[in-house]
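Hi everyone, thanks for coming. Let me put the structure up on the screen, and then I'll walk you through a few parts of it.

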Amino acid sequence: MEGFRLKIFFSVVVVLLFFFQLFEVALASRGGFSFDLIHRDSPHSPFFDPSKTPTERLTDALRRSVSRVGRFLPTAMAPDGIQSSLVPTGAEYLMNLSIGTPPVPIIGIADTGSDLTWTQCRPCNHCYVQFLLFFDPRKSSTYRDSSCVTSSCLALGEDRSCSKQKHCTYNYSYSDGSFSCGNLATDTLTVSSTAGKPISFPGFAFGCGHSSGGLFDKKISGLVGLGFGKLSMISQLKSIIKGRFSYCLQPFSTNPSVSGRINFGESSIVSGTGTVFTPLSRKGRDTYYYLTLEGLSVGKKRFPYKSFSKKAEVQEGNIIIDSGTTLTNLPQDFYSKIEKYVVNSIKGKRVKDHNGIFSLCYNTTRKINAPIITAHFRDANVELRPLNTFLRVQEDMLCFTLIPTSDIGVFGNMAQLNFLIGYDLRKRRVSFKPTDCSHSIRTVGSIG
């Protein structure tokens, strides 16, 4: 009899927990939620290295940015193969969240250029060293392996395979040689919002990595996919957040103890004076956010955008907007026209960037009278101030943050500084609103 009562008691507890989670989700869908965004070089960041100078940290970030652009190419992925704590890692940001019941914390690269969220799991046959505990699916009461016929498994495309146990497995390879392989599974995702109360989302599909390696840092335990595809966090929570999220990136020179934010759902809506909207395009890989850039103006001189296509007219979806790429990459011929006009507009001594990253640099310890550069997206003109287009890489050197590339056009995060940028997947558009991001956010403590 006593055993029967215990079974009844635990059954009631499970049911109450389930309904409590549904209640939390309902509240999140009504008001949205937000997470802190912490600069990678802040003393609060797990990546902070006090032994490095600001110049060294910046150089590392720029090199990662240049290498990241290659991943957007069609061959970048091997064919066989709400506001949250976000910490810029130069070319990446980090997000704090938890997986499982009870929740196990993970710190993952928050990536608008990826879909699948994954973390390293036990048992791990071949994994890189990480500071946080590995997620052990055997200790989570809500963990479930996904079968090979689920829609989540099919969404993996060529990156999926099927185990002997009929479990869905994934095989992700990145252009820098890094990789993650393991089981596709579902479990409860828990996030700590800036409102102070954790929010849980049951049945979240993610990758439980049993083999991973490459250039991943030991301070992170995986990746958080914020892309356009079906497996991304944005798509999986679309019924709750209505396919909407936004972020505000503060300039590198601001107080590092001040956090940025990424917002989900109702709290992510961008509106008001100065807000402009441009349509999203679907093209190539569903993962990426493609915009149509019609031209750039340097001062009052406008240059029609010329992409890599030989066609004369502007191509739909000719540039990717990416929060993880620092610099803006433009086709060589088009860039040369922009640079020439910028040089004619600025009086100063040009110097060579010995790191080979920038094409245009000036020797000066002062600010320069740089022209306003306007990005003419379809239906939206976005004015880029000198803080968006010039970066002090040394005490006596300023460099132009637009660079030439032979790969694909990318609108990087330097160009996005001090804009509240919103993504609306249902309306298929991106919004820009000029915002002082250092004043619209708050001071935070450490993560990790």
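This is a predicted model: local features need pLDDT of at least 70, side-chain atom pairs count only at pLDDT 80 or more; totals for chains, interfaces and linings use all residues.

Residues are numbered from 1 along each chain as its sequence is written, and side-chain values use heavy atoms, with hydrogens and water left out.

Okay, the protein has seven helices and 28 strands; those are DSSP runs numbered from the N terminus, H or I of at least four residues for helices, E of at least two for strands. Of its 448 residues, 55% are buried, meaning under 20% relative accessible area, with exposed being over 50% and partly exposed in between (1.4 Å probe, protein chains only).

Now find helix 6, residues 332–345. Which of its residues are buried? They are Phe 334, Tyr 335, Ile 338, Glu 339 and Val 342. Looking down the axis, these fall within an arc of 130°, so they line one face of helix 6; the arc is taken from the directions from the helix axis to the C-beta atoms. On the other side, Asp 333, Lys 337, Lys 340 and Asn 344 are exposed.

Next, disulfides, counted as cysteine sulfur pairs within 2.5 Å. There are six. One joins Cys 121 to Cys 208, and the pair ties together parts that are 87 residues apart in sequence. Another links Cys 361 in strand 20 with Cys 399 in strand 24, and both of these cysteines are buried. Cys 181, though, is in no disulfide, and is partly exposed at 21% relative accessibility.

Technical notes: The expected span of a helix is 1.5 Å times one less than its number of residues.
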